[in-house]
Amino acid sequence: DLGHAEDFMRLQKEWLNVTFIQPGGLVEDEAKGHTLTLDKPPEGFVGYPDLAAGMIDVAEGEDERYAWEGVGVLPKSSARFNPEVPFIFGRGLLAYYLPPVYWSFKSIGLVQ
């Protein structure tokens, strides 16, 4: 559980410096630019390139502004949600819970 892990890390403040990156939903999208916020965990979606750039900005920061804070990464413009995600998710559930059915469907070309 992430809450327990965060609580445990906070007990190690004497020797550990941590920043908690809190993106919204992650989507595969091109970089659109990003902003960092300390206000609250963001809502909405952010692309992987913008999340990575935000993490780099936090890591390269020379001050302690983000130490032991939850930093939200927000896109400057709305990220595009991939409409194939529900099908990808369903395929993953099928492969996990019903592997023989998944492999049967895969062998006849019904799933990729």
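Lys32 sits at 26% relative accessibility, so it counts as partly exposed (buried is under 20%, exposed over 50%, partly exposed in between, with a 1.4 Å probe and protein chains only). This is a predicted model, where local features need pLDDT of at least 70, side-chain atom pairs count only at pLDDT 80 or more, and totals for chains, interfaces and linings use all residues. Residues are numbered from 1 along each chain as its sequence is written, and side-chain values use heavy atoms, leaving out hydrogens and water.

**Salt bridges**
- The structure holds three salt bridges (a side-chain nitrogen of Lys or Arg within 4 Å of a carboxyl oxygen of Asp or Glu).
- Lys32 pairs with Asp29 at 3.6 Å, N to O, and with Glu30 at 3.4 Å, N to O.
- Those shared partners join Asp29, Glu30 and Lys32 into one network.
- Asp29 is buried at 8% relative accessible area, while Glu30 is partly exposed at 46%.
- Glu6 and Arg10 meet at 2.9 Å, N to O.
- Glu6 and Arg10 are four residues apart in helix H1 (residues 2–10), so about one helical turn separates them (helices are DSSP runs of H or I, at least four residues, numbered from the N terminus).

**Helices H3 and H4**
- The axes of H3 and H4 come within 5 Å and cross at roughly 120° (axes are lines fitted to C-alpha atoms over the stretch in contact, and angles run from 0 to 180 degrees between N-to-C directions).

**Exposed Phe89**
- Phe89 is in helix H3 and is exposed, at 56% relative accessible area.

Key: Helices (H or I, at least four residues) and strands (E, at least two) are DSSP runs, numbered from the N terminus.
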